[in-house]
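Morning, everyone. Please bring the model up on your screens while I talk.

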Amino acid sequence: MLKVGIVGVRGLSTIAGFHALKDVEVTALCDLDDALLRNQKEKYGIPHAYRIFDDMLESDIDAVVIGTPMQCHVPQAIAALQAGKHVLSEVTAGVTMDELWWLIENVEQSGKVYMMAENYCYMPDNQLVLSLVRAGILGDVYYGEGEYLHNLQSLMTYNYGAHQNGKTSWRKYWQMGKHGAYYPTHSIGPVMQWFEGDRIESVSCFGSGRHCDFDLRQEDTTVTMCRLASGKLARVRLDAVSPRPHQMTYYSIQGTKGVVESSRVAGQESKIWVKDMDPSVDEAKWRSLAEFKEYLPKRYLDATEDQRNSGHGGGDFFIVEDFVKAITEGIHPTVDVYQACEWTAVALLSELSITNRSRTMDMPHFRKNMPYEEQIIRL
Ligand SMILES: NC(=O)c1ccc[n+]([C@@H]2O[C@H](COP(=O)([O-])OP(=O)(O)OC[C@H]3O[C@@H](n4cnc5c(N)ncnc54)[C@H](O)[C@@H]3O)[C@@H](O)[C@H]2O)c1
């Protein structure tokens with residue numbers, strides 16, 4: 001039986017996934033908010049509850065899910081790895097470049113599984129596109145886009161969900177108080193999955209300036225260009241300030257033989273055009289991406305009611321399943337520590353870029369046994 005502890009229990013987006021798996025049990029929850037902790041313990045029937053993370057680490061759990069604010073991720077991941085626990089961490093992996101290197105060193109030294117829970121990679125449409133890319137339907141893909149347009153201002157104060165105390169939340173500083181694309185992984189993650197085997201080589205970030213809220217360091221909109229080692233291009237737009245309807249899952253991917261684009265309107269269906277099916281570009285017509293549904297991975301097509309109900313069309317179940325399989329069967333984590341650090345570093349380099357007239361920042365080549373001399377940021 002694999003025993004799991006979860007720290008930061010407001011969302012608990014992974015708990016349904018763990019419950020739907022055999023031979024896995026969530027045995028412990030941890031949160032500083034005592035009332036929330038008690039409620040969640042009772043609601044889900046979890047045997048143990050801790051306010052102090054180190055106390056939970058002293059229990060007999062095998063793995064930890066980190067669902068606390070972004071600035072807690074690396075310190076808690078390191079403590080967990082040093083205590084011999086596997087780690088599934090919420091996004092982003094960390095908040096400084098040095099932290100990312102500490103994280104890598106600790107993952108390598110511990111030999112434990114570390115996976116970043118980038119759940120947008122697991123969304124059915126994004127998995128479908130991954131299969132289309134792998135099957136060569138879009139040809140050689142060379143340009144991708146991801147956008148996260150989510151006005152977060154109402155989350156800067158704890159007046160939502162279980163938090164109703166009017167205090168300032170971490171998002172005011174660690175998200176809205178930052179320059180650049182502080183939260184890029186939902187956007188760049190799926191796109192980099194489609195550019196399988198490639199890596200981000202440089203980052204430049206451009207901003208629109210501040211027009212809506214002058215109390216925030218965050219510009220109203222930022223666009224971050226990521227040049228890949230192959231010379232291909234990925235564009236990330238982040239907007240957490242502009243008054244507009246949310247659209248957190250806009251993507252596009254262009255290849256030599258086809259293109260897929262999400263709707264600009266959240267919730268509406270994605271479109272695809274494939275040259276082999278419709279050779280004249282002058283009269284090219286979009287088809288619904290749903291017409292290619294048979295390309296979804298088999299486990300998505302065969303998903304049970306329980307699995308689908310765990311969230312994001314089954315994605316929240318499969319992410320947990322892959323983490324557990326990484327521990328029990330040794331499969332490679334879907335988003336390993338090196339990808340987690342590269343995707344997170346888009347945020348950290350975009351901050352340096354946008355505050356230096358959009359200068360291009362070189363992405364370190366995150367990999368196993370990365371030499372110490374390379375652990376710097378080059379312009
Ligand atoms: N993947 C997604 O789609 C998605 C969605 C929302 C949030 N997130 C991520 O989840 C994380 C949490 O976000 P949230 O919106 O739930 O934040 P939140 O502030 O609403 O909740 C965080 C919880 O962590 C607890 N906490 C804080 N520090 C702690 C500590 N040291 N020890 C124990 N408990 C502690 C708080 O009491 C709180 O209950 C963030 O990293 C965020 O980026 C991801």
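I will go from the whole chain to the domains, then the ligand, then a few local details.

First, the ground rules. This is a predicted model: local features need pLDDT of at least 70, side-chain atom pairs count only at pLDDT 80 or more, and totals for chains, interfaces and linings use all residues. Residues are numbered from 1 along each chain as its sequence is written.

Start with the whole protein chain. It has 12 helices and 17 strands. Helices here are DSSP runs of H or I with at least four residues, strands are runs of E with at least two, and both are numbered from the N terminus. The radius of gyration is 21 Å, close to the 21 Å that the globule rule gives for 379 residues, so the chain is as compact as a globular protein of that length. That radius is taken over C-alpha atoms, and the globule rule is 2.2 Å times the number of residues to the power 0.38. Along the principal axes, the C-alpha atoms fill a box of roughly 65 × 50 × 45 Å.

How much of the chain is buried? Of the 379 residues, 45% count as buried. Buried means 20 or more other C-beta atoms within 10 Å of the residue's own; exposed means 12 or fewer; partly exposed is in between; C-beta atoms are placed from the backbone.

Now the domains. Domain 1 covers 1–117 + 298–335, and domain 2 covers 119–296 + 336–379. These bounds come from an automatic or database domain assignment. The two centres, taken over C-alpha atoms, are 23 Å apart. Across the boundary, 35 residues of domain 1 are in contact with 29 residues of domain 2. Contact means that the C-beta atoms, placed from the backbone, lie within 7 Å. On the domain 1 side, α5 (97–110), β6 (114–116), α9 (298–301) and α11 (315–328) each give two or more residues. Helix α5 gives the most, with seven residues. That side divides into 22 nonpolar, 10 polar and three charged residues. Nonpolar means Ala, Val, Leu, Ile, Met, Phe, Trp, Tyr, Cys and Pro; charged means Asp, Glu, Lys and Arg; the others, Gly among them, are polar.

Next, the ligand. Which residues are the closest to the ligand? They are Gly8, Arg10, Asp33, Thr68 and Glu90, from a shell of 21 residues. A residue joins that shell if its C-beta atom, placed from the backbone, lies within 6 Å. The shell has 10 nonpolar, seven polar and four charged residues.

Nine strands form an open, mixed sheet in the order β16-β15-β14-β13-β7-β12-β11-β10-β17. Strands β16 (287–288) and β17 (361–362) stand at the edges with a single partner strand each, so one side of each has no neighbour in the sheet. Strands pair if DSSP finds at least two bridges between them. Strands β7 (residues 141–149) and β13 (residues 247–255) pair antiparallel over seven bridges. There, Tyr143 stands opposite Gln254.

Compare two elements. Which residues of helix α6 are buried? Pro124, Asp125, Asn126, Gln127, Leu128, Val129, Leu132 and Val133 are. That is eight of the 11 residues of α6 (residues 124–134), so the helix is largely enclosed by the rest of the structure. These buried residues pack against β7, α8 (185–194), β13, β14 (258–261), α9 and α11. Strands β8 and β9 form a hairpin with two residues between them, and Gly161 in the turn has a positive phi of about 50°.

Most residues other than glycine have a negative phi, and most peptide bonds are trans. Leu12 has a positive phi, near 50°. Leu12 counts as partly exposed, with 18 C-beta neighbours inside 10 Å. Arg357 also has a positive phi near 50°. Arg357 counts as exposed, with 8 C-beta neighbours inside 10 Å. Finally, a cis peptide bond joins Val91 and Thr92, with omega about -5°. Thr92 lies in the loop between β5 (86–89) and α5.

Methods. Two residues are in contact if their C-beta atoms, placed from the backbone, lie within 7 Å.
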